[in-house]
Amino acid sequence: MKFQNITTYDRETYLALHRAVFRLSDSRQPLFQRIIRVALPLLLLCSAVYFSRTRGADPMLITGGILGALTLVWGLFSRPLRSLAARLAAPKGAPTCQLDFGPDGYRVTFTTPDGEQAVSDTLGYDTIREACRTGDGFVLMLTRQQGYFLRREGFTVGNAEEFALQLPRWTGNPLTELD
């Protein structure tokens, strides 16, 4: 069984890929770690405000309050800001990525807006670390921070439903649902 997907890497595609990467990394973190990421800076900020009101302005308390506020803002807004930066830094002209899947592996072809092509050798399915399905399509993660996004409507050979059934057989890993 063969599949082909052609996805244009516009700003929306980059944003969908980043959202999927963040959801995957968040789902791997224990709940305790996610709570600590927000609770400790909030505790530092609140304690600095409380002690500065009861003891007066102290440079160490002000420094602690600023550090707590910056850490809290970073913990809450770093990922959306990185997604926005990726969206704004998307290449102009939106390159296309064609992925051809077969029983022996898959091949990646990037085409720039100028018409230049970069074609990979046939890659084995063992290079796919994790595969997941979102509402818009599929994400194939090669590393923790690198992957391919396949739009659901981008299949020119085969369809998304058949691909969702076949991909776990080829990779040996279950398909993770993100939406």
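Predicted model: local features only at pLDDT ≥ 70, side-chain atom pairs only at ≥ 80, totals over all residues.
Two strands pair if DSSP finds at least two bridges between them. Strands here are DSSP runs (E, at least two residues), and they are numbered from the N terminus.

Residues are numbered from 1 along each chain as its sequence is written, and side-chain values use heavy atoms, with hydrogens and water left out.

**Strand β6 and its partners**

- In β7, you will find leucine 150 as the bridge partner of phenylalanine 138.
- β6 and β7 (residues 147-151) are antiparallel and are joined by 5 bridges; they form a hairpin with 5 residues between them.
- β5 and β6 also run antiparallel, with 4 bridges joining them, and this hairpin has 3 residues between its strands.
- Alanine 131 has leucine 140, in β6, as its bridge partner.
- Strand β6 (residues 137-141) is mostly covered, as 5 of its 5 residues are buried. Buried means under 20% relative accessible area, exposed means over 50%, and partly exposed is in between (1.4 Å probe, protein chains only).

**The salt bridge**

- Side chains of opposite charge can pair when their charged atoms come close.
- A search of the whole structure finds 1 salt bridge, meaning a side-chain nitrogen of Lys or Arg within 4 Å of a carboxyl oxygen of Asp or Glu.
- Arginine 133 and glutamate 177 form a salt bridge, with their closest N and O atoms 2.6 Å apart. Arginine 133 belongs to strand β5 and glutamate 177 to strand β9 (residues 175-177), so the pair ties together parts that are 44 residues apart in sequence.
- Arginine 133 is partly exposed at 23% relative accessibility, and glutamate 177 is partly exposed at 47%.

- Lysine 2 lies in the segment before β1 (3-8) and counts as exposed because its relative accessibility is 59%.
- Beyond its neighbours within four places in sequence, lysine 2 is in contact (heavy atoms within 4.5 Å) with Phe101, Gly102, Val157 and Gly158.
- Lysine 2 and tyrosine 106 are 104 residues apart in sequence, yet their C-alpha atoms are 9.6 Å apart in space.
- Serine 120 lies in the loop between β4 (117-119) and β5 (130-133), and it is buried, with a relative accessible area of 18%.
- Leaving aside neighbours within four places in sequence, serine 120 is in contact with Arg107 and Val108.
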